[in-house]
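Student: Hi, I've got this one open on my screen. Can we go through it together?

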Amino acid sequence: MAAGIRPGTRRPTGPETTGTPRPPLVRELLLVTALFVVYKFGRRLANGHETRAFHNADRVWDWERALHLPGEGAVQSLLLHDETLVRVANTFYATVHFPATIAFLVWLYVRRPAHYLWSRRVLALVTTAALALHILLPLAPPRMLASAGLVDTAQVYGPSVYAATPDTDTMANQFAAMPSLHFGWALMVAIGLITAVRGRWRWLWLLHPVLTLLVIVGTANHYWLDALVATALLGAALFLVPRPERVRDGRTVAVRVHRAPAPRPDAAPETAHAPESALTSGRTGLVSESADAPVLAEALR
């Protein structure tokens, strides 16, 4: 008999409900820490290319105008109407980026190990590609571009995570505007949570990258194109890294195959059906439907 398939069977695998073993905590801490250290030191390797960075900034600014993208100043003008709003935006830029991503990974590690591994691999791939672009394509942010006419809101209103002059900044590379990892990571947080949970309210997580985009543009730390390039890199990483199983109502849906039980040794074979007429010894005779296989074979000789 053909095997039967019954969808919707669920695995009782504990709190994480994913059926994937949780990776060792120490190993994951070391991997994430190593990724952070490489990212920080890699960004510092791109320092000292001010001339190229400003030349690239002029080109990006011209490309945005050629593509008819909205000016970054349109978003900043909304923030500048209220000093409190500007400070909130600066604080968001300075404090939400890393803690939100870490909280996202911690929650997935505890509750959705399969989605944690997927998200960590995607973030690592995006960050590596972004670091390569930061080194190959140094780019001054719009707040440094005189022709943009934008305000460095962090320096004017505070708080700021960057030194007043880029050459004295030992903690960050201020010429690593493209792509924007602020936006790329925020978009992955939203996608990861929407994929890992169920419920109609999960789509509200998209507010996180939307708010991040308005903040990074309004504070003149990034161009629109920085976010577009980050989106393209994330899309490529999502294509290359296989997704985990889909989750429904907090549980991973599994499919179990039920095979027909093997016949017992002492079971009688199924009844064989013969044709309604058969020729035996030159005469037409009717073979009984209850005849077993050996009798039928002997009759047909």
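**Working through the model**

Student: Why does Phe36 count as partly exposed?
Tutor: Because its relative accessibility is 38%. Buried means under 20% relative accessible area, exposed means over 50%, and partly exposed is in between (1.4 Å probe, protein chains only). Before we go on, this is a predicted model: local features need pLDDT of at least 70, side-chain atom pairs count only at pLDDT 80 or more, and totals for chains, interfaces and linings use all residues. Residues are numbered from 1 along each chain as its sequence is written, and side-chain values use heavy atoms, with hydrogens and water left out.

Student: Got it. Where is Phe36, then?
Tutor: Phe36 sits in helix H1, which covers residues 25-45. Helices (H or I, at least four residues) and strands (E, at least two) are DSSP runs, numbered from the N terminus.

Student: What else is Ala57 in contact with, leaving aside its neighbours within four places in sequence?
Tutor: Besides Leu139, Ala57 is in contact with Ala140, Leu145 and Tyr223. Ala57 lies in helix H2, residues 50-66, and it counts as buried because its relative accessibility is 0%.

Student: And Ser180, buried or exposed?
Tutor: Buried, because Ser180 also comes out at 0% relative accessibility. Ser180 lies in the loop between helix H7 (153-157) and helix H8 (181-196). Leaving aside neighbours within four places in sequence, Ser180 is in contact with Ile216, His222, Asp226, Ala227 and Ala230.

Student: New topic. How many salt bridges are there?
Tutor: The structure holds 6. A salt bridge is a side-chain nitrogen of Lys or Arg within 4 Å of a carboxyl oxygen of Asp or Glu. In one of them, the side chains of Glu28 and Arg120 meet at 3.0 Å, N to O. That pair links distant parts of the chain, with Glu28 in helix H1 and Arg120 in helix H6, 92 residues apart. Glu28 and Arg120 are both buried, and together with Arg27 they are linked in a network of salt bridges.

Student: What about Arg87 and Glu83?
Tutor: Their side chains also meet in a salt bridge, at 3.0 Å, N to O. Both lie in helix H4 (residues 83-95), 4 residues apart, about one turn of the helix. Arg87 counts as partly exposed because it has 38% relative accessibility, and Glu83 does because it has 41%.

Student: What's the volume of the largest pocket?
Tutor: About 510 Å³. It is lined by 22 residues, and Glu28, Val32, Thr33, Ile102 and Leu105 lie nearest its centre. H1, helix H5 (97-111) and helix H6 (113-136) are the elements that give two or more residues to that lining, and H1 gives the most, with 9 residues. On a 1 Å grid over the protein atoms alone, a pocket is an open set of points with protein on both sides within 12 Å along at least five of seven lines, while a cavity is a set where a 1.4 Å probe fits but cannot get out; lining residues have an atom within 4 Å of a point. Grid points are joined across faces, edges and corners, and a volume is the space filled by probe spheres set on the points.

Student: How many cavities of 30 Å³ or more, then?
Tutor: The search finds 2. The largest cavity holds about 60 Å³ of space, and H4 gives the most to its lining, with 3 residues. Arg143 and Asp152 are among the residues that line it. Arg143 forms a salt bridge with Asp152, their closest N and O atoms being 3.5 Å apart, and both residues are buried.

Terms used: Contact = heavy atoms within 4.5 Å.
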